[in-house]
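Reader: I am new to this structure. Could you walk me through it in short steps?

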Amino acid sequence: MAKFQLPLPIIPDDLLQEIFLRSSAKAVGRCMCLNKFWYRQLRQPETCIHHMRRQKVLDQHVLFHVGYSLLLMGSDSLYIVNAASGEEVNVQHPFRVGIHGWFRIVGVSNGNICFKFSRERDDTRLLVWNPTTQCSREISDPHRDHGRSFFPVYGFGHVRNSDAYTVIHMCKRDIADAYVFFSRYCSRRSTWFHCVDCLPGVEKIDPNSVFNNGQAYWITGTGDSYATPKFVLCYSVEDESFSEVSIPVGAIYTIHNLLTHKEKVALLAHTHNEFGYVAAIWHLNEDANGNRILEQYCRFASRSIRENPILFVDENLLLLVNNSKERELLVNYRYRELVLTEYDIEHGTRNLLVRRAWRYPETPHPITVRSTLKYFAGMFPV
């Protein structure tokens, strides 16, 4: 007796597209391996961009880089933590640095991670890697060409409404130079573009950077040890131009960080006074004349966040607290405890996401959190 088989249903293209947009990056990556047609369709820049916009709502993670002292940077680790559930995944980075090597994260954009690394001492390179697709691209580091230089800073991000990305490098070739040496890498052309003299009068640029809507942002410093913030420096990839936004006197606290909040660039300033630890968030807005200004969004009390990395997920702050303590067990040794906490500014409540303690008696060096960044899995090419 012949078996009766129902014909396979034909799924409309628009419905199939919606299914892909709602799927995780890992599921979409598996679908790309089925045939050439799906591979071409799912690798379209428009599909990658729309999928990333959905992922930023449905699936938010935190990428953090932890390690020991500068003497043991070859043993550093990467972790991705789900910001909603606290689920933690160890990430195997795509390069081996060895005992004398090191790496650090330059930036994260649309599921791609940009690293600066060295396999042997000062032989530095850049690498862009997508953990979902496991694809990577190694890029030359322009900092090597300058020999001895000062205040090197980097930036990494995608061009707006495109799957192309940009890597930015700036430094001073001499500490007394009045100008900054600027370089920009374009992924479409696989080429570095250089500008010898720019940004006259800038004394120092803080390495903390934010890339938002095709623009990169840094804080410039002045004064003794360059500790006093002066401007928020902005570079537009599309216009290839710089602009500066003055930091108001009321925003000059002890410690300053740049981050994104409500799709805007925000300056987070925090300090300590007689009432405890105080933090303020300033949004980068435009006034009636179209000029960029910093306006205070809110001010709140918090426990010590002086040395802790901070970022936003939705409306809440994520605080990664790293505390050094001494304990008397069989032997004396230091340990470092990491606590990833979600902090509701409006209600002043906290929700513990991850608590982890490293205890290595054979390693006397304390655990250090080198960086924390928001991460969204994506299918963008490298």
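Author: Start with C135, which is partly exposed at a relative accessible area of 37%. Partly exposed lies between buried, under 20% relative accessible area, and exposed, over 50% (1.4 Å probe, protein chains only). This is a predicted model: local features need pLDDT of at least 70, side-chain atom pairs count only at pLDDT 80 or more, and totals for chains, interfaces and linings use all residues. Residues are numbered from 1 along each chain as its sequence is written, and side-chain values use heavy atoms, without hydrogens and water.

Reader: Is C186 buried or exposed?

Author: C186 has a relative accessible area of 15%. The cut-off for buried is under 20%. So C186 is buried.

Reader: How many disulfides are there?

Author: A disulfide is a covalent bond between the sulfur atoms of two cysteines. Here the rule asks for a pair of cysteine sulfur atoms within 2.5 Å. By this rule the count is 0.

Reader: How many residues of strand β5 are buried?

Author: Strands are DSSP runs (E, at least two residues), numbered from the N terminus. Strand β5 covers residues 112-118. N112, C114, K116 and S118 point one way, and I113, F115 and F117 the other. In a regular strand the side chains alternate between the two faces of the sheet. The buried count in β5 is 7 of 7.

Reader: Which residue of β6 is the bridge partner of C114?

Author: Two strands pair if DSSP finds at least two bridges between them. Strands β5 and β6 (residues 124-130) run antiparallel, joined by 6 bridges. In β6, the partner of C114 is V128.

Definitions and conventions
Helix = DSSP H or I, 4+ residues; strand = E, 2+ residues; numbered from the N terminus.
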